[in-house]
Amino acid sequence: MKSSRTFFYAAICVVSISLLLSGCAGMSFSSLWTTYSQQIQQVRLDLQLGQYKEAVAAIPASTPSDNNFLLDRLESGRIAFLAQDWNSSMREFSAADSQLSWLDQQAQYRISQGLEEASALFSNDQAISYFPPDYEQALLHHYQAMNYLFLNKDEDALVELRKANQAQERALTNRDKALAQAHQEAVEAGVSDLVNQASDNMPQVSATGRFKGKVQSVYTTYLSAMLYEAKGSLNDAYVDYRRAYELVPDNPFIQRDLIRVTGKLGLINEQRDYQKKFDIKNEQSSGSSLSGQVVVLSELGLIPVMQEIYLPVPIVSSNGSFKSYTLALPSYPSPADPAVTSFIQIDGVTERQSVLMSFNELAAYSLQERLPGIITRQLLRLGTKEWMRHEASKKGGDLGGLLVGVYNMLSEHADTRSWSTLPSDVWLWRGDLPPGNHSITVGNRQVVSIPVTKNGTTLIWVQQSGPHPVAVVRQIS
């Protein structure tokens with residue numbers, strides 16, 4: 001009889017904790033037992049097959065009170081964008097932006113976040129409302145700007161690009177402060193040595209060396225520069241081309257952009273300095289009144305999802321006893337160097353593109369900088385779960401301790417949430433073409449007509465996440 005009561009008490013404890021956490025924290029029940037990377041796999045598979053309706057349907061229904069609401073909107077907005085449903089994409093991104101503002105500004109959030117973080121001590125970090133890292137916040141505005149571009153609302157696009165660049169500037173400004181705060185929290189929790197030990201044992205980002213900006217999207221900066229130039233705001237364009245050059249100094253198209261724009265601005269000395277530095281001669285004629293500019297931005301593949309890895313951490317208690325615990329932590333695959341080159345065909349002539357940025361590398365650096373805070377929460381959770389198991393053992397006997405121990409193990413998952421429908425890499429080609437109709441061949445299968453006007457700019461956005469490449473053309477005047 002006593003063993004039956006013990007089993008009943010222990011089982012009720014585990015079930016009650018699970019239901020309480022999933023209900024109070026806005027956390028789906030499945031998030032207790034599976035990672036986001038597992039949950040998003042069907043969506044990514046549908047995208048790779050070009051099945052956009054199925055991909056949208058695979059995003060879980062959520063409300064603003066759910067802790068994944070913002071991430072769901074980012075994923076849905078990106079899928080609608082890939083399907084060229086600009087209005088639906090715009091609505092999703094607007095909802096994400098509103099939720100982000102609410103999370104960032106409202107006093108209620110500060111209170112509710114405390115409850116979420118407390119519940120995360122009993123489950124995992126997926127109990128905390130998703131708050132995008134800085135680069136994702138910038139890309140929210142980046143893709144909203146592209147929605148406006150393809151709806152022929154250029155001024156609205158520039159507003160969104162300014163917001164994106166402001167988000168990137170805030171990231172740079174707050175970067176050192178955020179790193180120092182994470183260190184201080186670890187010190188105050190008395191786990192700084194363990195955090196350092198765990199961080200040292202985590203896979204480190206292996207940089208390709210092509211990209212100098214660890215927290216900035218040069219894709220956004222370049223799109224802004226291109227649009228400013230097309231609209232005649234040459235000073236603003238020059239500022240952004242210089243920023244893009246600082247982030248990707250080896251990109252030959254950005255080098256030519258600097259030479260062309262300094263020539264348009266009459267900055268002869270600067271133009272000569274750039275020509276000498278880049279060893280590019282006779283670039284003054286680029287962008288002449290006899291031709292039009294063609295810009296091809298190619299998004300390739302899908303960004304890798306985060307992996308869940310398990311890291312053993314030996315801990316010595318105050319009484320000198322030794323025990324090894326395991327941390328479940330998120331990790332990205334080491335960023336691979338993008339393909340050596342990528343090609344497109346314009347009017348049947350093969351043209352070499354140059355890599356503009358790697359989203360994989362950007363995301364991996366962002367995670368690496370957030371890891372100390374993640375590890376600190378994991379270590380605090382270890383203590384809480386061990387206390388919970390101990391209490392269950394006291395009241396429910398060995399069986400109670402066993403059941404709670406099993407719950408602790410099964411609910412211990414890394415928070416692998418991230419914007420997982422972004423591209424892997426972005427490539428750039430830019431050149432002059434005479435006025436008239438031209439053609440671009442995408443992925444050796446789709447031929448798209450390119451209208452070129454004298455002194456005009458034609459943007460071609462190319463997306464290749466699967467076997468069916470897509471190209472969208474927009475003339476900018």
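The buried residues of helix α3 pack against α4 (52-57) and α5 (69-82). That is one detail of a predicted model. The chain has 477 residues, and 53% of them count as buried. Its secondary structure comes to 15 helices and 10 strands.

**Helix α3 and what follows**

- Helix α3 covers residues 41-48, and Val43, Arg44, Asp46 and Leu47 are buried there.
- Seen down the axis of α3, these buried residues fall within an arc of 160°, so they line one face of the helix.
- An α-helix has 3.6 residues a turn, so residues three or four places apart point the same way.
- Glycine 50 follows α3, and its phi is positive, near 75°.

**Glutamine 137 in helix α8**

- Glutamine 137 belongs to helix α8, which spans residues 134-150.
- Its relative accessible area is 12%. Glutamine 137 is therefore buried, as the cut-off for that is under 20%.
- Leaving out residues up to four places away in sequence, glutamine 137 touches Leu100, Phe131 and Pro132.

**The sheet**

- An open sheet is built from 8 strands, in the order β8-β7-β4-β5-β6-β1-β9-β10. The pairing in this sheet is mixed.
- β8 (446-452) and β10 (470-476) stand at the edges. Each has a single partner strand, so one side of each is left without a neighbour in the sheet.
- From one strand to the next, the twist averages 30°.
- Strands of a sheet pair through backbone hydrogen bonds, either parallel or antiparallel.

**Strand β6 and its neighbours**

- On one pairing, β6 meets strand β1 (residues 292-300) in the antiparallel sense, over 9 bridges. Leucine 300 stands opposite aspartate 425 of β6.
- β6 also pairs with strand β5 (residues 349-358), again antiparallel, over 4 bridges. Here valine 355 stands opposite tryptophan 427 of β6.
- β5 in turn is joined to strand β4 (residues 342-346) by 5 bridges, and the two run antiparallel. The bridge partner of serine 342 is glutamine 353 in β5.
- Helix α13 lies across β1, β5 and β6. This helix runs at about 45° to β6.

**Salt bridges**

- A search of the whole structure finds 12 salt bridges.
- Side chains of opposite charge can pair when their charged atoms come close.
- Glutamate 229 and arginine 260 meet through their side chains in a salt bridge, at 2.9 Å from N to O. The pair links distant parts of the chain, 31 residues apart. Glutamate 229 sits in helix α11 (residues 218-230), and arginine 260 in helix α13 (residues 252-265).
- Glutamate 229 and arginine 260 are both buried.
- A network of salt bridges links Glu229, Asp257, Arg260, Lys264 and Arg430.
- Another salt bridge joins the side chains of aspartate 240 and arginine 243, at 3.3 Å from N to O. These two are 3 residues apart in helix α12 (residues 234-247), which means that about one helical turn separates them.
- Aspartate 240 counts as buried, at 3% relative accessibility. Arginine 243 is partly exposed, with a relative accessible area of 35%.
- Arginine 417 forms a salt bridge with aspartate 415, and their closest N and O atoms are 2.8 Å apart. Arginine 417 and aspartate 415 are both buried.

**The chain as a whole**

- Among contacts with a separation of 6 or more, 73% are between residues 24 or more positions apart.
- The accessible surface of the chain comes to about 21200 Å². Carbon and sulfur atoms account for 53% of that surface.

Note on methods:
Residues numbered from 1 in each chain as written. Predicted model: local features only at pLDDT ≥ 70, side-chain atom pairs only at ≥ 80, totals over all residues. Heavy atoms only, no water. Buried < 20%, exposed > 50% of the residue type's maximum accessible area, 1.4 Å probe, protein only. Contact = heavy atoms within 4.5 Å. Arc of directions from axis to C-beta. Pairing = 2+ DSSP bridges. Salt bridge = Lys/Arg side-chain N within 4 Å of Asp/Glu carboxyl O. Axes fitted to C-alpha atoms, helices over the stretch in contact; angles between N-to-C directions. Areas by Shrake-Rupley, 256 points an atom, 1.4 Å probe, with all protein chains shown as cover.
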